[in-house]
Amino acid sequence: MILLVGSIALSGCTRLEEQLFGQITDRDEGNIDIPSLLQGAYFSTRAALQTPDTWWALQELTTDEAIPPTRGGDWDDNGAWRALFLHQWQPDHIRVNQAFRDINAISYAATDILRYNPDTQQAAQARFLRAFAQYFILDGWGQVPYREPGDDITNIPPVRNAQEQLDYLIAELTEIIPNLPVSNVNTRVLANQDAARVLLMKVYLNRGAYLNRAQPTFDNSDMQHVIQLADQMGGNYALADNYFDSFAPNNRGASENIFLGANTGGSNSGPIFTFIRITLHYAMNPSGFNGWATLSNFYNKFEPQDQRRGGPRAGVTERSGLHMGFIVGQQFDFQGVALQDRSGNPLALTPEVSIIEQGNNLEVTGIRVVKYVPDYDNIGSNLANNDWVFYRYADVLLMKAEALLRMNDQAQALQYVNMVRTQRGASVMTSLTLDNMLDELGREFYWEGRRRTDLIRFGKYLDAWQEKPASDPRNLVFPIPINQSGNTNLPQNPGY
């Protein structure tokens, strides 16, 4: 059953939810293995949310944090990556369509579990996963198709608009929190009570943006809910001593992590190594794909002593020469020998990068980024032992800080921002504005698949930045994929 759901979630079909229902409908319901179905639903987040080329790409490559340069003939892909960065996508964009399909697959798989009489806690986990997926659909597309358990799959699914979906998420998450597993180190890879609280915080914090993306407003009652939910998490977590511990192999026990995607090194793991390799050069270890980078203006937001900026790491640098975080300048192997590109030139990575690269510098332009610590013990199998990080405690603290700031309590908000900054080795900030709050979110959560959401909430997503001109307001939501045109309940978004 795990293989069934997993293979469906990873398939390329465009009517995935119908195939999912059809595969299960004829089974003897008395033999349904609910734990296996649940595990399959958890695993389906790998294809939708943990790969660099679907939802993560929509959230990061469309922002000031990441750039996907076309390097001569490499990384052209018919302009698909450039279209994301330049905000020039259309309803037939392959990555937009793939993300919509794969995230909806999580929602439908979780919904289907509810047909088979799961116990109270199993049902709460399935309902969380459904809400979790539908939150991303709301974030990306502004309207959410759904089915109820047992719906006739020959009928087109109904659709909730933004207001209806927000109301649904608030009611659903509030109801299931008491029935979810209590949050502890053993339940971090499950839908747990604190994971639901974090998701509910995000719903309240972003509600004003989802209802009016062009001019978000923030109701004090929503901000109060964010603060109250943050306070309910108490002393269960602590900021990590080293920033990258949260992303290292065996990170399930890291003090900061709240909700994780489970990976078992060497045997059953998502694409952590792909996420690492996507940015690195061929000569580096792990050997990379010479792909994506960050922009120098974003890199320059970090102070030199800020540990989030990166540097050598025990267990990594002496085995490979690789540093963590942002990688720029001459690169070396584990013996200190200078690396070269394929033409024999020094592999000295430059801050300068263009969306289209030509000439002799195709392999050296752009600051590369390594967020997850490479698991060299499992590099042979390509199955890393790092759990994927969905939610961590720094997010709770900074959402609370932002809520306080939006209620004009700058002094208390600044305390929480400085709590995080001090732990990261950054200097204490003396004042807090919306602009430097957004900068702090970038420093803390870079390359974690959330920058687009933050930029929209702060009214900055359509701005011009390096290599990207100002863009059209239609881009505040993605287009409904062309292959969804059969659903007359799902109108195309304005501007497409």
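## Ala47 and its helix

Ala47 sits in helix H3, which covers residues 34–49. The model is predicted. Is Ala47 buried or exposed? Its relative accessible area is 9%. Buried means under 20%, so Ala47 counts as buried.

Now look along the chain. Ala47 and Tyr372 are 325 residues apart in sequence. Their C-alpha atoms are separated by 18 Å.

## A sheet of three strands

Three strands form an open sheet in the order E5-E6-E10. The pairing is antiparallel. Which strands lie at the edges? They are E5 (310–311) and E10 (368–370), and each pairs on one side only.

Strands of a sheet pair through backbone hydrogen bonds, either parallel or antiparallel.

Take strand E6, residues 324–327. How many bridges link E6 and E10? There are three, and the two strands pair in the antiparallel sense.

## Strands E4 and E11

Strand E4 spans residues 257–261. Strand E11 spans residues 388–392. Four bridges join E4 to E11, and the two run antiparallel. Which residue of E11 is the bridge partner of Gly261? That partner is Trp388.

How much of E11 is covered? Strand E11 is mostly covered, with five of its five residues buried.

How values were computed. Residues numbered from 1 in each chain as written. Predicted model: local features only at pLDDT ≥ 70, side-chain atom pairs only at ≥ 80, totals over all residues. Heavy atoms only, no water. Buried < 20%, exposed > 50% of the residue type's maximum accessible area, 1.4 Å probe, protein only. Pairing = 2+ DSSP bridges.
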